[in-house]
Amino acid sequence: MATFSKQPSVFQTPGCAGQAGASAVRSQPDPPESLAPLSPGRVWSRKGPKPSLRHHQPVRGQPLEAAPMAHQNLAQQRLLIKGGKVVNDDRSVVADVYVEDGVVRQVGPNLNPEPPTGLIVLDATNKLVIPGGIDTHTHMQFPFMGSRSKDDFYTGTKAAIAGGTTMIIDFAIPQKGCSLTEAFDTWKSWADPKVCCDYALHVAVTWWSNKVKEEMKSLVQNKGVNSFKMFMAYKDLYMVNDEELYAAFSCCKELGAVAQVHAENGELIAQGAKKMLAMGITGPEGHELCRPEEVEAEATQRAITIANAVNCPLFVVHVMSKSAARVISNARREGKVVYGEPIAASLGTDGTNYWNKDWAHAAAYVMGPPLRPDPSTPGFLMNLLANDDLSVTGTDNCTFDICQKALGKDDFTKIPNGVNGVEDRMSVIWEKGVYSGKMDENRFVAVTSTNAAKIFNLYPKKGRIAVGSDADIVIWDPKATRTISAKTHHQANNFNIFEGMVCHGVPVATISRGKVVYEGGAFNVTAGEGKYVSRPPFPPYVYKRVRQREQVCQPVPVKRAPYTDVVSAASITPK
Ligand SMILES: [Zn+2]
C-alpha cells in the first residue's frame, strides 16, 4: 500500500470485512471522544484518536482464493455515507448518501434509513464524496510487441479501486484481417472472471472490409459497444490509411458510435526510426526523436479533418503534446465535435526521462505517442483540461516490467510501449490540477468521471451521485497526502513513472456496485465481482449536435434556370 503522511483510514473495521458486512449496525450516537468504537459498525471517531487497528490488510500478492469473501449477498448490502460533501460536476453539497442493492437511493441531509439493522455507516465528515473514477483507456494483459502487459484484469482493476477508479474501458484489438467480434469475445473472456470493478470495451478497427463493417454493426447492436478506435500509427500492425479512416468514421457516424484515434503519422515514424538507428541512436531517446510532436499534431489535424468531412464525432486518445492539444483546442473553437484525452502520464511527468543515463529508467517511460521532453507540457495540458479544451482523462495503463522492456535493450523500436497510471490517475490530477489551483473539485469530477460517462453513454448511471445512479463512489480526503512508489503500489510491475511524487488527495474508501471494496489500504473484493457494462449507441451528449447538423447543415444545390445557350466543345484536331 501507499505511504500515507496522514492516516487515511478513518473507518474502524472490526473483525474481518465479512463480519462487518454481515452484522454491521448503524452508528448512533457518535462514539465518545476518546474511545475508538468497538461496535460492529464502521465508525469514525471524529474527535478522538484515529483508529489504528486495521483488521484486514492489503492482500497484494496473495492468490485470488485468499481475497476476502465478504458480502456474498450484494443485494442485501445497505450503506449510509454520512456528512460528506457530495461533489458532482455541477455542484457540491453537504449531504448523506444512502445506497441499497448497488444503487444510490437517497441523497439529502440527515437521512435515517430504516431499518437500522444491517446498515453499514461510513462517516465522511470533512471528506468529499465523489463519483468513482472512470479510466477511459487501459490495456490489461495486452499481448503486444512480443510480450504481454503485466497488469491483468485482476491486478489492474484492483489497483484501480485502490486509486479511486471504479470503472475502466479497455480495448479489444484484433490483428489485421481478424474478426472484431472474436477479439471482443476474447477480451471479455479474459476480463469477466478477473475484474474487481465494472468495465467496458472499445473495439479497434485495424483493417477494412465489408465484413468489418458488418461486425461493427453487430457489436453496436448486440454487444453494447459504442466506440471504435483506429490507429494512424504502428505501420503494418494496426495502422489504417486515410481511405480506411474515412470508411470507418462514416460507419461510426451511421451506427451512433464514437470514433477514436491514436493520432500519429505512422509513415513518418517508420522513416524516423530507420534514420535514428542509422545514426547509432538505439536507446530510448530515439523513441521520442523519431516521432517528435509535430508527427502527433499532423495526425490529429488529419483525423479531425476526415471526421469532420463525414460529420463523425471524434475522440483523440492519449493527447501527449502541446501541439496536438492546440490542434484539438482550435478545432473545438471552430465548432468541431472532438474530444481530447490527456492521460495521467502526460499530465504528471515528461519525456526528459528518455535522456536519463540509466537505460532501465529511460525505457520505463517508453510509450506511444511518447512523453515530450518539453517540461512545460504537463502544466500546459492541465490548463487545457481545466478549461474544457481537453475533456476527459485516461491512463493508457499498459505495464511492462524492466525485463520485458529489455526486449529493446539494443533497439528502441523493440521496447514494449506502455506505462502505469490506473492507480495514480486520480491523485495525480488532484495534485497537479486541484491542489495547484487550476481546477476546482467539480471540474475534477467532470474530467475524471462525468465527461467520460457522458461521451460513452453511461451517464447518469455512472459519473454522478444522484438517486438512481450506480453506487460507484469514492470517499476522498483532499487534505491527506501520499507518496507514490513502486514499493507500495498495487500494480503488477516493478516501476512507477510517478515514483516519489507526493500527492494531496487520497481515496480513503472506494465503493463499487454498492460495496466497500477498498478502505484505508485494505481490499475487500473478489476477482470477477465487476461486470461488463453495455453502452448504447448515440450518446446524446455527443450526438445531439451531430444529428441536428445532419438535418440542417447539408449542402444543397443552387436552383437555377437551365443554361440553354451554345455549348462549344473543344476541338480535338489542332489547327
Ligand atoms: Zn492505448
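Me: Where is Asn-457 placed in the chain?

Reply: Asn-457 sits in the loop between H15 and E16. Labels like these are DSSP runs numbered from the N terminus (helices are H or I runs of at least four residues, strands are E runs of at least two). Mind that this is a predicted model: local features need pLDDT of at least 70, side-chain atom pairs count only at pLDDT 80 or more, and totals for chains, interfaces and linings use all residues. Residues are numbered from 1 along each chain as its sequence is written.

Me: Why is Asn-457 called buried?

Reply: Count the C-beta atoms. A residue is buried if 20 or more other C-beta atoms lie within 10 Å of its own, exposed if 12 or fewer, and partly exposed in between, with C-beta atoms placed from the backbone. Asn-457 has 25 C-beta neighbours inside 10 Å, so it counts as buried.

Me: OK, on to Lys-229. What does the record say about Lys-229?

Reply: An unreviewed UniProt entry annotates Lys-229 as "modified residue: N6-carboxylysine". UniProt positions are given in the numbering used here, feature names are shortened, and annotations may be inferred rather than shown by experiment.

Me: How do you know that Lys-229 is buried?

Reply: Lys-229 has 22 other C-beta atoms within 10 Å, so it counts as buried. Its place is in strand E12 (residues 227-231), where five of the five residues are buried.

Me: What makes Lys-229 and His-262 a contact?

Reply: Two residues are in contact if their C-beta atoms, placed from the backbone, lie within 7 Å. Leaving aside neighbours within four places in sequence, the contacts of Lys-229 include His-262, along with Phe-171, His-202 and Val-317.

Me: How do you know that E11 and E12 pair?

Reply: Strands pair if DSSP finds at least two bridges between them. Strand E11 (residues 198-205) and E12 have three bridges, in the parallel sense. Lys-229 in E12 is the bridge partner of Ala-204. The chain goes from E11 through H4 to E12 in a right-handed β-α-β crossover. E12 also pairs with E13, again parallel, over five bridges; there, Val-261 of E13 is the bridge partner of Met-230.

Me: Why is the unit made by E12, H5 and E13 called right-handed?

Reply: A crossover is right-handed if, with the strands pointing away from the viewer, the path from the first strand over the helix to the second runs clockwise. E12, H5 and E13 make a β-α-β unit of that right-handed kind.

Me: What makes the length of H8 look as expected?

Reply: The expected span is 1.5 Å times one less than the number of residues in the helix. Helix H8 (residues 293-309) has 17 residues and reaches 24 Å from its first C-alpha to its last, close to the expected 24 Å. Its buried residues, among them Ala-303, pack against elements including helix H5 (242-255) and strand E14 (314-319).

Me: Why does a set of residues get called a nonpolar core, and how many residues has the largest?

Reply: It's a set of buried Ala, Val, Leu, Ile, Met, Phe, Trp, Tyr and Cys residues joined through C-beta atoms within 7 Å. The largest has 162 residues, and Ala-303 and Ala-259 are among those with the most contacts inside it. The contacts of Ala-259 include Phe-228, Met-230 and Ala-307.
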